[in-house]
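Here is a short walk through one protein model, written for someone who would rather look than read tables. Keep the viewer open and follow along.

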Amino acid sequence: MRIVFVHGACVRDGSWWWHRTAESLRERGVLSVAPALPSCGEAGRPGGRDGPGLSEDVAAVRQALLDSDEPTVVVAHSYGGVVTAEAAAGVGSVRHLVMISSYLPEVGQSLSDFGGSSPAPFLDIDSDAGTFGVRPELLVDVFLQDCAPRSRRRRHTTSPGRACG
């Protein structure tokens, strides 16, 4: 059995978000991987209007799923649910999908269909670049409120993810 973790938007260094769980699994002999999502700037090219998007994220996760025929559980968070729903379709090794606060749109539905008419107050939107990220001053309170202080400090002093597009 192996686990594939798929993080949400506004994240760089996706494996960091899952590292404590991955360490615990590894201690129990369960392998895991957290593929980089290109739209979040993890694969070299920045996201944005001309950058990678959903289709590239789906391709990256699908490749991670196809890298092994070992029975796989996919754990997805937030936007990762959108990516996972498409990437895991028809992959024989995938046994379960675990969606954690995930979006799961119907075919043809956009992620923006899930929100109100205004963006979430914690988002920092750059319309010119076609990107968004978490407002740095709100990162800890919105996303890390239940983490240990050491983890909060480490994450707050690194990029929370700027190239989500």
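Let's start with Asp-50, which sits in the loop between strand 2 (31-33) and helix 2 (54-66). Helices here are DSSP runs of H or I with at least four residues, strands are runs of E with at least two, and both are numbered from the N terminus. Asp-50 counts as exposed because its relative accessible area is 74%. The cut-offs: buried means under 20% relative accessible area, exposed means over 50%, and partly exposed is in between, using a 1.4 Å probe and protein chains only. Asp-50 and Arg-28 are 22 residues apart in sequence, and their C-alpha atoms are 42 Å apart in space.

A word on what you're looking at: this is a predicted model, where local features need pLDDT of at least 70 and side-chain atom pairs count only at pLDDT 80 or more, while totals for chains, interfaces and linings use all residues. Residues are numbered from 1 along each chain as its sequence is written, and side-chain values use heavy atoms, with hydrogens and water left out.

**Salt bridges**

Arg-28 also turns up in a salt bridge, with Glu-27 as its partner. The term stands for a side-chain nitrogen of Lys or Arg within 4 Å of a carboxyl oxygen of Asp or Glu. How many does a search of the whole structure find? It finds 2, and here they are:

| Salt bridge | N to O distance |
|---|---|
| Glu-27 and Arg-28 | 4.0 Å |
| Arg-135 and Glu-137 | 2.8 Å |

Glu-27 and Arg-28 are both exposed. Arg-135 counts as partly exposed because its relative accessibility is 30%, and Glu-137 gets that label because its value is 49%.

Now go to strand 1 (residues 2-6), where 5 of its 5 residues are buried. In a regular strand, side chains alternate between the two faces of the sheet. Here both faces are covered: Arg-2, Val-4 and Val-6 are buried on one side, and Ile-3 and Phe-5 are buried on the other.

Strand 1 pairs with strand 2 in the parallel sense, over 3 bridges. It takes at least two DSSP bridges for two strands to count as paired. Strand 1 also pairs with strand 3 (residues 72-77), again parallel, over 5 bridges. Arg-2 shows up in both pairings: its bridge partner is Leu-31 in strand 2 and Thr-72 in strand 3.

Strand 1, helix 1 (residues 14-27) and strand 2 make a right-handed β-α-β unit. Right-handed means that, with the strands pointing away from the viewer, the path from the first strand over the helix to the second runs clockwise.

The search of the whole structure finds 1 aromatic pair. It's Phe-5 with Trp-18, stacked, at 4.5 Å centre to centre and 15 degrees between the planes. This pair links distant parts of the chain, with Phe-5 in strand 1 and Trp-18 in helix 1, 13 residues apart. Rings of Phe, Tyr and Trp (its six-membered ring) pair if their centres lie within 6.5 Å; planes under 30 degrees apart count as stacked, over 60 as edge-to-face, and the rest as tilted. Both Phe-5 and Trp-18 are buried.

**Helix 3 and Thr-84**

Is helix 3 mostly covered or mostly open? Mostly covered, with 6 of its 8 residues buried: Gly-80, Gly-81, Val-82, Val-83, Thr-84 and Ala-87. These buried residues pack against strand 1, helix 2, strand 3 and strand 4.

Zoom in on Thr-84, which belongs to helix 3 (residues 80-87). Thr-84 counts as buried because its relative accessible area is 1%. Apart from neighbours within four places in sequence, Thr-84 is in contact (heavy atoms within 4.5 Å) with Val-6, Val-74, Ala-76, Leu-97 and Met-99. A polar atom of the Thr-84 side chain also lies 2.8 Å from the backbone oxygen of Gly-80.

**Two serines with positive phi**

Ser-78 is in the loop between strand 3 and helix 3, and its phi is near 55 degrees, a positive value in a residue other than glycine. Ser-78 counts as buried because its relative accessibility is 18%.

Ser-101 is not a glycine either, yet has a positive phi of about 45 degrees. You'll find Ser-101 in the loop between strand 4 (94-100) and strand 5 (123-126). Ser-101 counts as exposed because its relative accessibility is 61%.

Note on methods: A polar contact is a pair of N or O atoms within 3.5 Å; within protein, one must be able to donate a hydrogen and the other to accept it, and residues adjacent in sequence count only if both atoms are side-chain atoms.
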